[in-house]
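The following paragraphs lead through a structure step by step. Please keep the sequence and the three-dimensional view at hand while reading.

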There are 2 protein chains.
Amino acid sequence: MPSSRPLRADARRNRDALVVAAREAFLAGDAAHVEEIARRAGVAVGTLYRHFETREALVAEVYRQEVAELCAAPALLLAQHAPDEALRTFLLLLVEHAAVGRGMGEALESIMATDSPVFDDARDEMARALDELLAAGVAAGLVRDDVKGRVVLRALGGICGMRAKGWKDDALQVVTVLYDGLRYGAADRGHNAPE
Amino acid sequence: MPSSRPLRADARRNRDALVVAAREAFLAGDAAHVEEIARRAGVAVGTLYRHFETREALVAEVYRQEVAELCAAPALLLAQHAPDEALRTFLLLLVEHAAVGRGMGEALESIMATDSPVFDDARDEMARALDELLAAGVAAGLVRDDVKGRVVLRALGGICGMRAKGWKDDALQVVTVLYDGLRYGAADRGHNAPE
DNA sequence: CAACAACCGGAGTCCGATTCACCTTATGGA
DNA sequence: TCCATAAGGTGAATCGGACTCCGGTTGTTG
């Protein structure tokens, strides 16, 4: 169905404009009303709804693009850093991503609240990225082997909801604790604690 | 202002009924509309609004009561368990609490989204409870001393938003990693350790 | 370039939160 | 006990924002 027909030129243009407009609106933090988004994109609400089932579907699309971008990172990081350092860096990257998602505010929350497959996919993709990093760490004996990426992701999830002033400092501390927790198991098991 | 007048008998009764009705509605998961809550409480919406500024204010009140109940735990736990065990148990308790809050669904999220002082207070109270536990752990040399309760709380926060099937198992794993991360620093300073 | 399918517009519908003008009824003093 | 009165209660009306729908418009294709 997706590519049954290549989508008419003007339609594709409008669709893209809507996603861009939505992202901008979310980042700006204010006025994420469908009317407002449509206006920014230079179309009417009807057009918005032609392309996106619901408002949430639009949010989902924006979010999906964010995630896709983020998930490209692990391969790069592993190529350039030791596994534990790559993991740490990626966690910090997730915090940055949260900073972006933060602008999307409740938009993001509403999508997390739904169990829309779109979001599940995004989560899976993120989890897979983390698994990649964890596996590398485990192989090097630097990371405990009993934790899945999905779990790490959830531990970080709380950061996204935080909106108070000092959220970022706290987020960084969360990463520290989490990072240590992930390595602790490996060290605890004792055999070759890294120098 | 609070106790300028003791609040008329029927008014107090209605107010309490509303909180109870709201809690039930949230736990039931369905129909958290103000009309529905008012009906359950046997009053009209106008009455609801006489007692609570907004729908969110009502949610806040329910949540506050949950929190207050939860925050009574640390003192008890410390009296009966070693500091690290008390900490671990409390973390697990937080997960249970999340299970309750989960029923409140987006109601809870909407209140987190606001920077209503009510929720800040709740968070402070929880953080204080955690600080109490952490301090005991630090004093016993079982827990790292560079992490505030607020940070732990945020790390756990992500659990609340999770609604997928296996959320609870994941939540428990998050607690494990977090718990180890909290102890790791102490071990780091105490014994041999990576890096 | 005609015919058609896919698009677009935007006023109208739906639904839930919130308000408000007007009754009811505790309550406390005569 | 009874009344005055202000605290309380009521629910229809209002408001805001997501979503729908029925023409009019415009790429596309043969």
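This is a predicted model: local features need pLDDT of at least 70, side-chain atom pairs count only at pLDDT 80 or more; totals for chains, interfaces and linings use all residues.

Residues are numbered from 1 along each chain as its sequence is written, and chains are lettered from A and ligands numbered from 1 in the order in which they are written.

Chain A has 9 helices and 0 strands, so that its pattern along the sequence reads α-α-α-α-α-α-α-α-α. Of its 195 residues, 41% are buried. A residue is called buried if 20 or more other C-beta atoms, placed from the backbone, lie within 10 Å of its own, exposed if 12 or fewer do, and partly exposed in between. Among the contacts of chain A with a separation of 6 or more, 67% join residues 24 or more positions apart; a contact requires C-beta atoms, placed from the backbone, within 7 Å.

Helix H6 of chain A, residues 83–113, contains Leu91(A). Leu91(A) is buried because 22 other C-beta atoms lie within 10 Å. Leaving aside residues up to four places away in sequence, Leu91(A) touches Val175(A), Leu178(A) and Tyr179(A). Leu91(A) and Lys168(A) are 77 residues apart in sequence, and their C-alpha atoms are 13 Å apart in space.

The first helices of the two chains may be read side by side. H1(A) has 20 residues and reaches 28 Å from its first C-alpha to its last, close to the 28 Å expected. Helix H1 of chain B, residues 9–28, has 20 residues and reaches 29 Å, close to the 28 Å expected. The buried residues of H1(A) include Arg15(A), Leu18(A) and Phe26(A), and those of H1(B) include Arg15(B), Leu18(B) and Phe26(B).

H4(B), where this account began, has Leu58(B), Val59(B), Ala60(B), Val62(B), Tyr63(B) and Val67(B) buried. Gln65(B) also lies in this helix, residues 55–70, but counts as partly exposed because 13 other C-beta atoms lie within 10 Å.

The DNA strands come next. Around DNA strand C there are 22 residues, of which Asn14(A), Ala44(A), Gly46(A), His33(B) and Arg55(B) come nearest; a residue is near a strand if its C-beta atom, placed from the backbone, lies within 6 Å of it. H3(A) gives the most to this surface, with 4 residues. By class, the surface near DNA strand C has 9 nonpolar, 6 polar and 7 charged residues. Here Ala, Val, Leu, Ile, Met, Phe, Trp, Tyr, Cys and Pro count as nonpolar, Asp, Glu, Lys and Arg as charged, and the others, Gly among them, as polar.

DNA strand D is surrounded by 22 residues, the closest being Ala9(A), Arg55(A), Ala11(B), Val43(B) and Gly46(B). H3(B) gives the most to the surface near DNA strand D, with 4 residues.

Finally, an unreviewed UniProt entry annotates residues 33–52 of chain A as "DNA-binding region"; such annotations may be inferred rather than shown by experiment, and their positions are given in the numbering used here, with feature names shortened. This span is 75% helix and 0% strand, and its end C-alpha atoms lie 14 Å apart.

Note on methods
The expected span of a helix is 1.5 Å times one less than its number of residues. Two residues are in contact if their C-beta atoms, placed from the backbone, lie within 7 Å.
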